[in-house]
Amino acid sequence: SGEQKTEAYRRWMDNADAARFDAASRDTIEAWKRVLDACTKAAENAQTDPEREAVAAVRSEAGQRRDWLLAREADTKGDLDEALRLAALACNAASPPKALVDYHAALEVRKKTADAKAALKREYNRLAGAATAEKDPVKAADLWKLALAAAEDQADVAAANSALSTLAPEI
């Protein structure tokens with residue numbers, strides 16, 4: 001009946017509010033999931049637009065906080081792509097906090113930097129492979145010089161310099 005649904009809605013919203021208070025102080029993924037679970041039950045029993053809107057507001061905050069925490073967890077595990085996806089999802093919720101927006105922006109910068117480094121590494125590997133396969137020492141040296149320019153880590157710099165030193169007497 002309508003009265004039973006109203007009572008169930010109130011009970012679940014009270015649970016959601018209590019869980020939200022707890023989650024705000026503990027700020028854990030599990031605590032925010034409890035808020036979302038209570039919101040799901042409250043939404044099942046909501047009968048009016050104001051009730052649905054109240055559930056949606058709590059659900060939005062809880063989902064945002066959970067996704068932000070999941071993003072930080074993925075970041076800690078080294079999964080930058082997943083962290084970026086989750087941070088973007090959290091930012092899509094209503095009124096993201098400045099700290100969340102800043103975190104998402106920092107992840108985007110890190111992703112661009114990582115992509116650029118990966119591209120340089122691929123270019124180094126391509127050039128080093130071509131230089132190693134090249135029979136003409138002059139052409140090989142030119143390729144190694146290009147590879148050296150693309151080298152980012154010390155091992156690649158050392159390998160390119162060593163190859164150039166080896167080729168020097170032949171040029």
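1. In this predicted model, the crossing in which H2 passes H3 is left-handed. Helix H2 covers residues 29–45 and helix H3 covers residues 49–76; their axes come within 9 Å and cross at roughly 155°. Because angles over 145 degrees count as roughly antiparallel, H2 is classed as roughly antiparallel to H3.

2. On the H2 side they are Ile29, Trp32, Lys33, Val35, Leu36, Cys39, Thr40, Ala42, Ala43 and Asn45. On the H3 side they are Glu51, Val55, Val58, Arg59, Glu61, Ala62, Gly63, Arg65, Arg66, Leu69, Leu70 and Glu73. Sorted by class, this contact of H2 with H3 comprises 12 nonpolar, three polar and seven charged residues.

3. H3 also packs against helix H1 (residues 2–26), at an angle of about 25° and with the axes 11 Å apart. Angles under 35 degrees count as roughly parallel, and H1 and H3 are therefore roughly parallel to each other. Their crossing is left-handed. H1 contributes Tyr9, Met13, Ala16, Asp17 and Arg20 to the contact, while H3 contributes Glu51, Ala54, Val55, Val58 and Glu61. By class, the contact of H1 with H3 has six nonpolar and four charged residues, with no polar ones. Glu51, Val55, Val58 and Glu61 of H3 are listed in the contact with H2 and also in the contact with H1.

4. A further pair is formed by helix H6 (residues 137–150) and helix H7 (residues 154–167), whose axes lie 9 Å apart at an angle of about 160°. H6 and H7 are therefore roughly antiparallel to each other. H6 passes H7 in a left-handed crossing. From H6, the residues in contact are Pro137, Ala140, Ala141, Trp144, Lys145 and Leu148; they meet Val157, Ala159, Ala160, Asn161, Ala163, Leu164 and Leu167 of H7. The class count for the contact of H6 with H7 is 11 nonpolar, one polar and one charged.

5. Which residue lies over the face of tryptophan 68? It is arginine 72, placed at 5.8 Å from the ring centre. As for pairing between aromatic rings, the structure holds zero aromatic pairs.

Methods:
Residues numbered from 1 in each chain as written. Predicted model: local features only at pLDDT ≥ 70, side-chain atom pairs only at ≥ 80, totals over all residues. Heavy atoms only, no water. Phe/Tyr/Trp six-rings, centres within 6.5 Å; stacked < 30°, edge-to-face > 60°. Lys NZ or Arg CZ within 6 Å of the ring centre and 35° of its normal. Axes fitted to C-alpha atoms, helices over the stretch in contact; angles between N-to-C directions. Helix = DSSP H or I, 4+ residues; strand = E, 2+ residues; numbered from the N terminus. Parallel < 35°, antiparallel > 145°, perpendicular 65-115°, else oblique. Left-handed = near helix turned anticlockwise from the far one by under 90°. Contact = heavy atoms within 4.5 Å. Nonpolar A, V, L, I, M, F, W, Y, C, P; charged D, E, K, R; others polar.
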